[in-house]
Amino acid sequence: MNVKALILFFLFGLLLTPTFAQYDYTEQLAVQLYQDGSYDKALDLFSDLFHKNTKSDDYYDYYLNCLINLKQYKDAETELKKLIKKFPENPKYLVDLGYIYGLSGNIKKRNSVNEDLISKLYPNERYISLVANSFIKRADIDNAIATYLKGRKLFS
């Protein structure tokens with residue numbers, strides 16, 4: 001009985017190996033294309049990788065940065081709105097949405113998203129740090145400072 005289980009285990013492992021190998025190759029190729037500046041080709045691969053695993057941030061930054069480098073702001077906005085709906089507790093998607101609005105020239109929407117996010121902060125150190133660090137990542141130091149100042153008021 002144990003021999004049969006062992007054989008099934010190995011057969012199952014052999015069947016999965018090509019899938020994982022293909023996945024690793026796709027990831028390596030996508031990163032290489034991204035590093036070479038072939039954002040359009042990398043976008044297709046990262047889109048597939050990202051959409052197969054949206055709960056992980058492994059491919060999110062690459063995918064979003066490909067969209068940004070290709071100036072596909074509407075597509076980036078659409079993806080971010082889906083992520084915000086799916087993961088409303090993660091503020092980095094709102095910060096990135098504001099960033100996309102800024103890149104596309106819609107300063108009113110950018111300011112509205114950022115001000116709304118900061119005004120709705122609540123006394124949770126981890127959350128406040130996540131918001132501030134998301135602003136810092138996008139080189140939005142003014143909003144990072146505003147986040148920390150609002151956080152300090154919440155705790156005093």
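Threonine 26 lies in helix α1, where helices (H or I, at least four residues) and strands (E, at least two) are DSSP runs numbered from the N terminus. The model is a predicted one, in which local features need pLDDT of at least 70 and side-chain atom pairs count only at pLDDT 80 or more, while totals for chains, interfaces and linings use all residues. Residues are numbered from 1 along each chain as its sequence is written, and side-chain values use heavy atoms, with hydrogens and water left out.

With a relative accessible area of 15%, threonine 26 is buried, a word that here means under 20% relative accessible area, with exposed meaning over 50% and partly exposed in between (1.4 Å probe, protein chains only). Apart from neighbours within four places in sequence, threonine 26 is in contact with Leu45 and Leu49, contact meaning heavy atoms within 4.5 Å.

The chain as a whole has eight helices and zero strands. Of its 156 residues, 36% are buried, and among contacts with a separation of 6 or more, 49% are between residues 24 or more positions apart.

Much can be followed from helix α4 (residues 73–86), whose 14 residues should span 20 Å at 1.5 Å a residue, in agreement with the 20 Å between its end C-alpha atoms; the expected span is 1.5 Å times one less than the number of residues. The buried residues of α4 are Tyr73, Ala76, Glu77, Glu79, Leu80, Leu83 and Ile84. They cover an arc of only 165 degrees around the axis, which puts them on the same side of α4, the arc being that of the directions from the helix axis to the C-beta atoms. On the other side of α4, Lys74, Lys82 and Lys85 are exposed, whereas the cover over its buried residues includes α2 (39–52), α3, α5 (92–103) and α6 (107–119).

The largest nonpolar core has 28 residues, and those with the most contacts inside it are Phe46, Tyr60, Leu64, Leu80, Tyr93 and Ile100; such a core is a set of buried Ala, Val, Leu, Ile, Met, Phe, Trp, Tyr and Cys residues joined through side-chain atoms within 4.5 Å. Two or more residues of this core come from each of α1 (2–35), α2, α3, α4 and α5. A second, separate core of nine residues includes Val95, Leu117, Val131 and Phe135. Cysteine 66, in helix α3 (residues 60–69), is buried at 0% relative accessibility and, not counting residues up to four places away in sequence, touches Tyr34, Tyr39, Ala42, Leu43 and Phe46.

In another, aspartate 61 pairs with lysine 137, their closest N and O atoms being 2.6 Å apart; because aspartate 61 lies in helix α3 and lysine 137 in helix α7 (residues 125–137), the pair ties together parts 76 residues apart in sequence.

Within α4, glutamate 77 forms a salt bridge with lysine 74, and the two are separated by about one helical turn because they are three residues apart in that helix. Salt bridges that share partners join Lys74, Glu77 and Lys81 into one network.

Methods:
A salt bridge is a side-chain nitrogen of Lys or Arg within 4 Å of a carboxyl oxygen of Asp or Glu.
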